[in-house]
Structures are given as structure tokens and as C-alpha cells.
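Q: Please take a close look at the sheet in this model. I would like the strand order, the pairing and the details of the individual contacts in one connected account.

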Amino acid sequence: RGRVFDWMAERPAPQAWVEAVSRPDSVVYVAVADSNGAFTVGPLPDGAYTLRAFIDQNNNRGLDRGEAWDSVPARPPRAGVETTVELLVAPRDTIPPRISGVPSSTP
């Protein structure tokens, strides 16, 4: 269980797509955040997961270039233990740094 927050808009991310990807076999469990950005995925089998959330701007249920996202490693909580994850989605820079010029040295 957790909450998705749109970092750039400074508000909860309603209808954010949330995936819990099991490791190492990559089975995907999905959920959609409610109007307050809250979500619940599960129940999940015990194991390691990567929890990923993104704002699906074109509603294709897939993460595309330019869409805001966040991910975090996670494990299902033990019985009787409540845990909450907050995912802060933001666009990621996909352009690598480049050399813009080399100054000439003067003797």
C-alpha cells in the first residue's frame, strides 16, 4: 500500500499506474491510484519486488519517454505489520551530457 505524488505538479497523482514486479522472475502485479494518489497492490507472495509508479499520459498502460515515474525496491509486509510507500514521480532526463566546446589555450 502507498501513495503516488506528482513532484512537478506538487499534488497527489490520481490514476497513476502502479506495478509491483517480482524479482527475479518479473511477474507483474498492477494497481491504479485513486483520486488521492493512494493505491494497494496485493496480496503478494513473499519475496523481493520493484515497485514502480508512473503517470500514464497517453493511457497505453506502459511507461513511455517523457512520462513521470519513480521506483523503489520493496518486500511485502509481515502479518500484522502496516507499511506505506510514497513514490515521488518526476520526468527523468534522458539526454546524456555533451561537450559543447573546447577552449583554445593561449601561449
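A: The account below starts with the sheet as a whole and then goes through its strand pairs.

The model is a predicted one. Its open sheet is built from 4 strands, arranged in the order β4-β3-β6-β7, and the pairing is antiparallel. Strands of a sheet pair through backbone hydrogen bonds, either parallel or antiparallel. At the edges are β4, residues 28-32, and β7, residues 69-74; each of these two strands pairs on one side only. From one strand to the next, the twist averages 20°.

On the β4 side, the partner is β3, which covers residues 17-23. These two strands run antiparallel and are joined by 5 bridges. Within this pair, V18 stands opposite A31 of β4. β3 and β4 also form a hairpin, with 4 residues between them. One of the residues in the turn, S26, has a positive phi of about 65°.

On the β7 side, the partner is β6, residues 48-54. Here 6 bridges hold the antiparallel pair together. Y49 has A74 in β7 as its bridge partner.

One further strand, β8, spans residues 85-89 and contains L88. L88 counts as partly exposed because its relative accessibility is 30%. Together with W7 and M8, L88 makes a nonpolar surface patch of about 330 Å².

Technical notes
Residues are numbered from 1 along each chain as its sequence is written. This is a predicted model: local features need pLDDT of at least 70, side-chain atom pairs count only at pLDDT 80 or more; totals for chains, interfaces and linings use all residues. Side-chain values use heavy atoms; hydrogens and water are left out. Two strands pair if DSSP finds at least two bridges between them. Axes are lines fitted to C-alpha atoms, for helices over the stretch in contact, and angles run from 0 to 180 degrees between N-to-C directions. Patches are made of residues with over 30% relative accessible area and no salt bridge: like charges are joined within 9 Å, nonpolar side chains (Val, Leu, Ile, Met, Phe, Trp, Tyr) within 5 Å. Accessible areas come from the Shrake-Rupley method with a 1.4 Å probe; for residues, only the protein chains shown count as cover. A salt bridge is a side-chain nitrogen of Lys or Arg within 4 Å of a carboxyl oxygen of Asp or Glu. Buried means under 20% relative accessible area, exposed over 50%, partly exposed in between (1.4 Å probe, protein chains only).
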